[in-house]
Amino acid sequence: MEVFHHIAASVPRRQDIVELAEKYQIKVNIIKGTYNNKDDYLFTMKVSESHPGWEEIEQVLAKQPTLDRTYTLFTEAEIRAAPWSYVGWRWEHGYPMLKSKFPYLPQTRKILCRGCFRYEQYAPYRISSDPKIAKNQFFSMICLNELFAVPEVIETFKQQGFSGFQDWDLMLHRKNIPTLRTRQIYVDGVLPFNVQNIAQLPDPTTCPVCGTITYQAHTGGTLEYKASDLAGVKQDFMLTQEWTKNGNLTWREMLISNRVAQCILDHKWKGIQLKAINLV
Ligand SMILES: [Zn+2]
């Protein structure tokens, strides 16, 4: 597991960080002439927490608020060794219909609370035209953290006897028929216990309407579970008890068992990024 930081700021405002990047030979991308001031330059850079310069950069970075996005990557060996993983990212294309009715998406799901936008999907999602998924086998739509896959993936999962998912259509909105290109991996099983590192989940927010606590996505590390909790789970696909939220987009992270992760890696299927779960 490696935690990375993607940092962006104006050069004059964070000259100190640019100088540190030079000192530690970290590549900096400069974008010229931003805003109205031609002398203002933006820079972006990526640095991992294992980099020898990170400790000093982190200290200097904290001196003033600066855009610093964390993300965590796992090696294939780490994912293969983990009893469970979760789906951290999917390749995205297109919008769920009706796009203008997001996040309500009538005909598809019921919003459980208008304060936090938790929902229950009761019918297939809809898309305006056949999704262009390029060389990917997995995908999701923009503003939707669901999981869709090409029929080959679904068939393989069924042949392997993986449990805990249903094979749902993705509808072409105007024609009102399913696309033949992808299907939804629909999961509704929810883990009856919490993650162990719940205190690390960023930005816990209590919904003023229903009292449910939502969190921002956990990008600086991974989810941790008690080994004895997960040992009792019989399905291969499950959702977290916790709700994750970003603006009007609310979802539950999808966990997959080791045998599903191995299958995805063995086939070298693209369009998905897995994060190894830590057992504690
Ligand atoms: Zn709510």
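The model is predicted. Its largest nonpolar core has 37 residues, and a second, separate core has seven.

**Nonpolar cores**

- Within the largest core, the residues with the most contacts are Val-87, Leu-147, Phe-148, Met-254, Leu-255, Ile-256 and Ile-277.
- Elements that give two or more residues to this core include strand 5 (84-90), helix 4 (151-159), strand 21 (254-257), helix 6 and strand 22 (272-276).
- Not counting residues up to four places away in sequence, Ile-256 touches Trp-84, Ser-85, Val-87, Asp-236, Phe-237 and Ala-261.
- In soluble globular proteins, nonpolar side chains tend to be buried together.

**Asn-258**

- Asn-258 lies in helix 6, which spans residues 258-267.
- Asn-258 is partly exposed because 17 other C-beta atoms lie within 10 Å, whereas a buried residue has 20 or more.
- Apart from neighbours within four places in sequence, Asn-258 is in contact with Ala-82, Pro-83 and Trp-84.
- The C-alpha atoms of Asn-258 and Ala-276 are 9.4 Å apart, with a sequence separation of 18 residues.

- Strand 2 and strand 3 (residues 42-48) run antiparallel and are joined by four bridges.
- Ile-31 stands opposite Leu-42, a residue of strand 3.

How values were computed. Residues are numbered from 1 along each chain as its sequence is written. This is a predicted model: local features need pLDDT of at least 70, side-chain atom pairs count only at pLDDT 80 or more; totals for chains, interfaces and linings use all residues. A residue is buried if 20 or more other C-beta atoms lie within 10 Å of its own, exposed if 12 or fewer, and partly exposed in between; C-beta atoms are placed from the backbone. Two residues are in contact if their C-beta atoms, placed from the backbone, lie within 7 Å. A nonpolar core is a set of buried Ala, Val, Leu, Ile, Met, Phe, Trp, Tyr and Cys residues joined through C-beta atoms within 7 Å. Two strands pair if DSSP finds at least two bridges between them.
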